[in-house]
Amino acid sequence: MKTLPLKRYPRGKATVMCRDKEVSVHSSCVLCAHCAGIRVNRRVIPNPYALALRGSKGGLPLDQQLMEGMMMFNTVIEDANATDIDCFDDAGCGFIALTRRR
């Protein structure tokens, strides 16, 4: 597993280097199958969007769970203590959608 350091810009934009190009964390990492989580201080918070997609909270519709997962991901990224994204992409193949067909 590798660690991708967050680069922050004004207005809340956060990016990482993925396959030799700079991508937005908010639109790429959250939806990527390689995203293991967000490093906040020494703790890694698993990707909340991926957790919502894989499991059910019991009773809530899937679209509501996914929206909550996306909001939680964005909230954690905006935390000033969030420093890195943990990524399973050791081979360097880049973005792979969480919802891809197997």
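Where is His-34 found? In this predicted model, in which local features need pLDDT of at least 70, side-chain atom pairs count only at pLDDT 80 or more and totals for chains, interfaces and linings use all residues, His-34 is found in the loop between strand 4 (21–24) and strand 5 (35–40). Residues are numbered from 1 along each chain as its sequence is written, and side-chain values use heavy atoms, with hydrogens and water left out. Helices (H or I, at least four residues) and strands (E, at least two) are DSSP runs, numbered from the N terminus.

**His-34**
- His-34 has a relative accessible area of 11%, and it is therefore buried (under 20% relative accessible area, with a 1.4 Å probe and protein chains only; exposed is over 50%, and partly exposed lies in between).
- Leaving aside residues up to four places away in sequence, His-34 touches Asp-86, Cys-87, Phe-88, Asp-89, Cys-93, Gly-94 and Ile-96, where contact means heavy atoms within 4.5 Å.

**Helix 2**
- Helix 2 (62–78) has 17 residues and reaches 24 Å from its first C-alpha to its last, close to the 24 Å expected at 1.5 Å a residue, the expected span being 1.5 Å times one less than the number of residues.
- The buried residues of helix 2 are Gln-65, Leu-66, Gly-69, Phe-73, Val-76 and Ile-77.
- Seen down the axis of helix 2, these buried residues fall within an arc of 105°, so they line one face of the helix; the arc is that of the directions from the helix axis to the C-beta atoms.
- The face turned away from the buried side of helix 2 carries the exposed residues Asp-63 and Thr-75.
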